[in-house]
Amino acid sequence: QVQLLESGGGLLQPGGSLRLSCAASGSFFSIVAMGWYRQAPGKQRELVALIYERTSPNYSDSVKGRFTISRDNAKNTVDLQMNSLKPEDTAVYSCYALVRLASDSNIRRQFWGQGTQVTVSS
């Protein structure tokens, strides 16, 4: 009953920048955390960045200093600003949310969006 819709992916050259956005909709009591995963062809899905409501964000070591995650709790959105992009950043990026259910706020569930393609190539 929770949908995550991503936008902002695209094709660009190394050194460029992109901003990914995600909006959560549907039925939930609250969103505990939001973040971004990515998966490259033939590789395991990895957590890129994660942010809770009242704490500093966490980042994968491979993107620290280049990516910035931000969250608007009132709008139920999360963004990922990606700078100095490298070919190894090429992947499908999926929005992630950990929510408390509307039917029972004591129950947590994880959701992922369908993903948006980011391709970095010269």
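The legends below accompany several views of one protein chain, which is a predicted model.

Figure 1. The secondary structure of the protein chain comes to zero helices and 11 strands, so that the order of elements from the N terminus on reads β-β-β-β-β-β-β-β-β-β-β. The radius of gyration is 14 Å, close to the 14 Å that the globule rule gives for 122 residues, and the chain is therefore as compact as a globular protein of that length. Taken along the principal axes, the box that the C-alpha atoms fill is roughly 50 × 25 × 25 Å. Of the 122 residues in the protein chain, 42% are buried, and the chain exposes about 6,700 Å², of which carbon and sulfur atoms supply 45%. Among contacts with a separation of 6 or more, 56% are made by residues 24 or more positions apart.

Figure 2. Side chains of opposite charge can pair when their charged atoms come close. In this model the count comes to five salt bridges, and some of them are shown in the views that follow.

**Figure 3. The salt bridge between Asp 79 and Arg 19.** The closest N and O atoms of Asp 79 and Arg 19 are 3.1 Å apart, and the two residues form a salt bridge. This pair links distant parts of the chain, since Asp 79 belongs to strand E8 (residues 77-82) and Arg 19 to strand E3 (residues 18-26), 60 residues apart. Asp 79 has a relative accessible area of 17% and is therefore buried, because buried means under 20%. Arg 19, by contrast, has a relative accessibility of 41% and so counts as partly exposed.

Figure 4. Ser 70 is found in strand E7, which covers residues 67-72, and its relative accessibility of 30% is why it counts as partly exposed. When neighbours within four places in sequence are left aside, Ser 70 is in contact with Arg 19, Thr 77, Val 78 and Asp 79; this list includes both Arg 19 and Asp 79, the two partners of the salt bridge in the previous view. The C-alpha atom of Ser 70 is separated by 9.7 Å from that of Ala 49, a residue 21 residues apart from Ser 70 along the chain.

**Figure 5. A network of salt bridges that includes Asp 89.** Arg 38, Glu 46, Arg 66 and Asp 89 are linked in a network of salt bridges.

**Figure 6. Asp 89 and the residues it touches.** Asp 89 lies in the loop between E8 and E9, and with a relative accessible area of 1% it is buried. Not counting residues up to four places away in sequence, Asp 89 touches Arg 38, Arg 66, Phe 67, Ser 84, Val 118 and Val 120. Phe 29 is 60 residues apart from Asp 89 along the chain, and the C-alpha atoms of these two residues are separated by 34 Å.

**Figure 7. Two loop residues with positive phi.** Asn 76 has a phi near 60°, a positive value in a residue other than glycine. Its place is in the loop between E7 and E8, and at 23% relative accessibility Asn 76 counts as partly exposed. Ser 84, although it is not a glycine, has a positive phi of about 50°. Ser 84 is found in the loop between E8 and E9 and is partly exposed, with a relative accessible area of 41%.

How values were computed. Residues numbered from 1 in each chain as written. Predicted model: local features only at pLDDT ≥ 70, side-chain atom pairs only at ≥ 80, totals over all residues. Heavy atoms only, no water. Helix = DSSP H or I, 4+ residues; strand = E, 2+ residues; numbered from the N terminus. Buried < 20%, exposed > 50% of the residue type's maximum accessible area, 1.4 Å probe, protein only. Contact = heavy atoms within 4.5 Å. Rg over C-alpha atoms; globule rule 2.2 N^0.38 Å. Areas by Shrake-Rupley, 256 points an atom, 1.4 Å probe, with all protein chains shown as cover. Salt bridge = Lys/Arg side-chain N within 4 Å of Asp/Glu carboxyl O.
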